Amino acid sequence: MGEYRFDAARARDGLVAAIRALADRQRFERVVIGISGGKDSTVCAALCARALGPENVYGVMLPDGEQRDIADSLRVCEALGIRRRVVNIGALHAALRAATDQDGATAGEGEFQIPFSRESDINVGPRLRMTALRYIAQSLGARLVGTGNLSEATVGYCTKDGDTSCDFSLLGAVTSVEVVQIGLTMPELPRELVEKTPSDGLSGKSDEERLGLRYADIHRYIRLGSCGDGEIDARIAAKERANMHKRRMPVVLDPFAGADAP
């Protein structure tokens, strides 16, 4: 395995400069960020506050009913001095369940019924959250910040039309391990939130439990070409191949390409 070094302070300053440059090119001043209380959204909010000023960062907390750790999200907003708002998507999620046979059959005569899928229901949360964030961002004339990192994208731990939908991906070029390293260079952030065990807030499990992989191994696979265990490398590579569609725009089919179409 080769040698890899990461300069967290340089990456931090580079991302701040990149936000400012993008804002100048695209002529925007405000950004909206979904604040979960986890490391990714916490670090994103801090970077945007440094780049644009805390008064131009709008942090939105999006619990699905009751969120046990919402105090962490509030703490991020208070620590950074950014604007904040709580929008509970619980009623939206419940209404969608009711309309799609999840609470009992609602299909009309001649219509197919929609079976319950735990994975589909879990992924509704990110999609409803992104719809709410898009609504808010457009209302404010703001850009929507994507908070997903490179480790998540590599193994497909993200939701199409959910957390992959944004105006710019702030952490898309840095791994989960590197996000923590960047966060630890910012004294304005509570250390325990930067190092908080990541979870989706929906399944009741940590990210690593859901993935069956460690972020440290994914980091080494990305940066060094191997985590040091060939079997784990193969599992990561398989997930990367299977989930590449989440990292690309939808395929446009060529009517004249036939079997040669992608």
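This is a predicted model: local features need pLDDT of at least 70, side-chain atom pairs count only at pLDDT 80 or more; totals for chains, interfaces and linings use all residues.

Residues are numbered from 1 along each chain as its sequence is written, and side-chain values use heavy atoms, with hydrogens and water left out.

**Exercise 1.** Find the order of the five strands in the open sheet.

*Solution.* Step one: two strands count as paired if DSSP finds at least two bridges between them. Strands here are DSSP runs of E with at least two residues, helices are runs of H or I with at least four, and numbering goes from the N terminus. Step two: reading across gives β3-β2-β1-β4-β5, with parallel pairing. Step three: look for strands that pair on one side only, and you land on the edges, β3 (83-86) and β5 (168-169). Step four: zoom in on β1 (residues 31-34) and β2 (residues 57-61), which pair over four bridges. There, isoleucine 33 sits opposite glycine 59 in β2.

**Exercise 2.** Work out which partner aspartate 72 has in a salt bridge, and where that partner lies.

*Solution.* Step one: a salt bridge needs a side-chain nitrogen of Lys or Arg within 4 Å of a carboxyl oxygen of Asp or Glu. Searching the whole structure turns up 15 salt bridges. Step two: aspartate 72 pairs with lysine 196, with the closest N and O atoms 2.8 Å apart. Step three: aspartate 72 belongs to helix α3 (residues 70-80), while lysine 196 is in the loop between α8 (191-194) and α9 (207-211), 124 residues apart.

**Exercise 3.** Are arginine 84 and glutamate 78 buried or exposed, or something in between?

*Solution.* Step one: their side chains meet in a salt bridge, 3.1 Å from N to O. Step two: buried means under 20% relative accessible area, exposed over 50%, and partly exposed in between (1.4 Å probe, protein chains only). Step three: arginine 84 has 48%, so that residue is partly exposed. Glutamate 78 has 53%, so this one is exposed.

**Exercise 4.** How many residues of helix α7 (residues 176-183) are buried, and what covers them?

*Solution.* Step one: six of the eight are buried, namely Ser176, Glu178, Val179, Val180, Ile182 and Gly183. Step two: the cover includes α1 (8-26), α2 (39-52), α6 (150-155), α8 and α10 (215-224), where contact means heavy atoms within 4.5 Å.
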